[in-house]
Amino acid sequence: MHSHILAEYHKFEYDNKVYILNVETMQAFRVNRALSEEIDKIQNGTITCDNTTNARLLAALDQLGLLLRDQALENEQESLPCSLPVKHVSLNVAQTCNLSCIYCYGINGEYGQKGYMKAETARKAVDWLIRQGMDAKELIITFFGGEPLLNFPVVKEVVQYARERAQESQKRIHFSITTNGTLLTGAVNSFLNENRFSVVISFDGDLEMQNSNRPFKGSKRSHEITKKRVEQFLKSRGGKRNRTCYNYCLQRRLKTRSRFPCSDGVQEG
Ligand code: SF4
């Protein structure tokens with residue numbers, strides 16, 4: 001008898017159909033309602049395999065990529081000493097959001113506990129990265145949320161502090177941010193460009209998809225303002241789209257590509 005941990009998932013409905021989003025792989029699967037209810041009933045996120053375990057349910061979980069490694073192996077691995085350098089941290093600087101996407105696995109970016117990271121906490125994370133980076137010369141800090149630009153003052157402070165610390169330690173530091181694009185205004189764009197940020201913009205593209213999937217809180221449509229801000233941001237990069245990615249969700253790819261045509265530097269997520 002052995003057991004599997006269930007990977008983190010988020011269930012949502014769209015157009016009266018049920019989807020399971022695998023949070024680890026960010027893949028969404030359409031499932032029938034009966035299966036989604038069976039998955040919800042799994043106690044404590046752990047499924048034990050013995051003669052009585054439902055083989056069909058196990059196979060379905062496997063297909064959705066939700067079956068993680070054996071619990072015993074997991075415990076064993078946790079106790080292994082790790083001497084590899086840590087080169088990349090993600091800072092959830094804002095656990096809140098101005099959008100309310102229908103498929104948000106973070107409960108509107110709040111992950112159950114709304115709040116903003118304090119500058120002091122962020123500085124400690126930078127110190128930790130520098131230490132754990134050991135002899136690595138290139139380090140990366142990603143700003144994430146919620147919507148990280150809601151905490152722009154702390155983003156700015158972290159960048160300055162990280163640059164100073166990296167210089168003292170003779171390392172190079174790179175920055176990236178994942179944003180919903182609604183707060184990409186002039187001063188923010190200048191800052192991101194000056195600091196050579198890689199920018200991932202989550203935008204579902206066409207009017208119908210963006211407004212239905214990614215409304216502002218209170219159901220206000222977000223397409224017009226997001227499109228305008230994304231266009232301003234791209235213009236601020238002088239038409240060069242390197243270090244800029246679009247993170248599409250459930251969108252009609254061809255339509256979106258025709259609005260923001262890809263060039264060599266653009267990746268699509
Ligand atoms: S923009 Fe991101 S964090 Fe905000 S509600 Fe949408 S998916 Fe969640």
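Predicted model: local features only at pLDDT ≥ 70, side-chain atom pairs only at ≥ 80, totals over all residues.
Let's start with the open sheet, which has three strands in the order 2-3-4, paired in the antiparallel sense. Strand 2 (9-14) and strand 4 (27-31) sit at its edges, each pairing on one side only.

Now zoom in on one pair. Strand 2 and strand 3 (residues 17-22) run antiparallel to each other and are joined over six bridges.

Next come the helix pairs. Two packed helices are described by the angle between their axes and the distance between the axes. Take helix 4 (residues 119-132) and helix 5 (residues 152-168) to begin with: their axes come within 10 Å and cross at roughly 30 degrees. Angles under 35 degrees count as roughly parallel, so helix 4 is roughly parallel to helix 5. The crossing is right-handed. On the helix 4 side, the contact is made by Ala119, Ala122, Arg123, Val126, Asp127 and Ile130, and helix 5 brings Val154, Glu157, Val158, Tyr161, Ala162 and Arg165. Sort the residues of this contact by class and you get eight nonpolar, four charged and no polar ones.

Another pair to look at is helix 6 (residues 186-194) with helix 8 (residues 223-236). Here the axes come within 10 Å and cross at roughly 40 degrees, which means that helix 6 counts as oblique to helix 8. This crossing is right-handed. Asn189, Ser190 and Asn193 of helix 6 meet Gln232, Phe233 and Ser236 of helix 8. By class, that contact has five polar residues, one nonpolar and no charged ones.

Finally, have a look at the ligand. Which residues are the closest to the ligand? They are Cys97, Cys101, Cys104, Gly109 and Asn180, out of 14 residues that surround the ligand. The shell around the ligand divides into eight polar, four nonpolar and two charged residues.

Conventions
Residues numbered from 1 in each chain as written. Axes fitted to C-alpha atoms, helices over the stretch in contact; angles between N-to-C directions. Helix = DSSP H or I, 4+ residues; strand = E, 2+ residues; numbered from the N terminus. Parallel < 35°, antiparallel > 145°, perpendicular 65-115°, else oblique. Left-handed = near helix turned anticlockwise from the far one by under 90°. Contact = placed C-beta atoms within 7 Å. Nonpolar A, V, L, I, M, F, W, Y, C, P; charged D, E, K, R; others polar. Near = placed C-beta within 6 Å. Pairing = 2+ DSSP bridges.
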